[in-house]
Amino acid sequence: MTEQELRSLIRQVVVEVLADGAPARPEPRNALVLFTGALLGFEASLESLRRLKATGLVNLDWTQTHSASKILDQQAIESIGMCPAEKSLVMGHDMLIIPTATVNMVAKVAHGIGDCLASNVMAEFIMFDKPVVLSVNACGDTPDKRGWFPDLPAGYSRMLQGNLEALASFGVTLASSETLDEAVGSLSLSKGPEPAEGKAVSTGSTRFDKLNDPVVCAERLIHDGIVKTVAPRTTLRVGAGALITALARETAAARNIIIEREH
């Protein structure tokens, strides 16, 4: 059984447990999927969207930028079975999913610039305080990015990370293309708004004694898969500029793991 098959099985079990004897699940949210012209993480994001559609947690409408229509595989997108979004891109949808975020679009929104479809739509979702889930594969200092640019200068890396941290401070949920469905599912099933990456997260008043030695992680993107490899009741130390996804924080809280940044 592959990791993705295991994840799918776990999600199915969780949904069934929640449905068995629990209050009725909320009506599916209407999500707008916005493709921009980024190739890194594209195929993985399509697999995430297929898994997400199968859960029935959200209704998926989609649109794309002009560059995306020229660069991305249109037949692959259409094969998912999403509905083309025609009108009311913002007001007609409860959340925004950006599976292929470009450096250009992220930089614009991070600095308050709205001069194209993607930057304007994303900015409006943020200003209306609607959930936004964004894939960082192409727009951050990620393994995918390093695969293309192994000698990425430190200053450029800090710029990429800084733009993503700005979005996180606006309430945007950062995820990898491989875990978009998990991030959206977590938001859809939660009773309240998901803690945004970059904001303080309360783990309640429960205290525990840390029994395990601290674990140091040099990865720049801390996702739930990394957290799951750490033993419960452990401190996970990450770099000062590391990006921590909302799902990673939730997993850490559930496993009594404290995530600390190095100074």
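What share of the contacts in the protein with a separation of 6 or more comes from residues 24 or more positions apart? Such residues account for 71% of them, where contact means heavy atoms within 4.5 Å. What you have above is a predicted model, in which local features need pLDDT of at least 70, side-chain atom pairs count only at pLDDT 80 or more, and totals for chains, interfaces and linings use all residues. Residues are numbered from 1 along each chain as its sequence is written, and side-chain values use heavy atoms, with hydrogens and water left out.

**The overall picture**

- The protein has 11 helices and 11 strands; these are DSSP runs numbered from the N terminus, with helices being H or I of at least four residues and strands being E of at least two.
- Of the 263 residues in the protein, 46% are buried. Here buried means under 20% relative accessible area, exposed means over 50%, and partly exposed lies in between (1.4 Å probe, protein chains only).

**Helix H5 and its surroundings**

- Let's start with H5, which covers residues 103–110. Six of its eight residues are buried, so H5 is largely enclosed by the rest of the structure.
- Those buried residues are Val103, Met105, Val106, Lys108, Val109 and Ala110.
- They pack against strand S4 (95–100), H6, S5, helix H7 (143–148) and H8.
- Just after H5 comes Gly112, with a positive phi of about 75°.

**How H5 packs on H8**

- Two packed helices are described by the angle between their axes and the distance between the axes.
- H5 meets helix H8 (residues 154–169) at an angle of about 55°, and their axes are 9 Å apart. Axes are lines fitted to C-alpha atoms, for helices over the stretch in contact, and angles run from 0 to 180 degrees between N-to-C directions.
- H5 and H8 are therefore oblique to each other. On this scale, angles under 35 degrees are roughly parallel, over 145 roughly antiparallel, 65 to 115 roughly perpendicular, and the rest oblique.
- The H5 and H8 crossing is left-handed: the near helix is turned anticlockwise from the far one by less than a right angle, while clockwise would be right-handed.
- On the H5 side, the contact uses Val103, Val106, Ala107, Val109 and Ala110; H8 supplies Tyr156, Leu160, Asn163, Leu164, Ala166 and Leu167.
- By class, this contact of H5 with H8 has 10 nonpolar residues, one polar and no charged. Ala, Val, Leu, Ile, Met, Phe, Trp, Tyr, Cys and Pro count as nonpolar, Asp, Glu, Lys and Arg as charged, and the others, Gly among them, as polar.

**How H5 packs on H6**

- H5 and helix H6 (residues 117–127) pack at about 45°, with axes 9 Å apart, which makes H5 oblique to H6.
- The crossing of H5 with H6 is right-handed.
- Met105, Lys108 and Val109 of H5 touch Ala118, Ser119, Met122 and Ile126 of H6 in this contact.
- The residues of the H5 and H6 contact divide into five nonpolar, one polar and one charged.

**Aromatic pairs**

- The structure holds three aromatic pairs. Rings of Phe, Tyr and Trp (its six-membered ring) pair if their centres lie within 6.5 Å; planes under 30 degrees apart are stacked, over 60 edge-to-face, and the rest tilted.
- Phe35 and Trp62 make an edge-to-face pair, 6.1 Å centre to centre with 80° between the planes.
- This pair links distant parts of the chain, with Phe35 in strand S1 (residues 29–35) and Trp62 in strand S2 (residues 58–64), 27 residues apart.
- Both Phe35 and Trp62 are buried, and together with Phe42 they form one aromatic cluster.
- Trp148 and Phe149 are also edge-to-face, at 6.5 Å centre to centre and 75° between the planes. Trp148 counts as exposed at 51% relative accessibility, while Phe149 counts as partly exposed at 42%.

**Single residues worth a look**

- Pro99 lies in strand S4 and is buried, with a relative accessible area of 0%.
- Not counting residues up to four places away in sequence, Pro99 touches Val33, Leu34, Phe35, Ser45, Leu49, Ser135, Ser177 and Leu180.
- Val172 sits in the loop between H8 and strand S6 (173–175), and counts as buried at 1% relative accessibility.
- Asp129, in the loop between H6 and strand S5 (132–135), has a positive phi of about 60° although it is not a glycine. Asp129 is exposed, with a relative accessible area of 69%.
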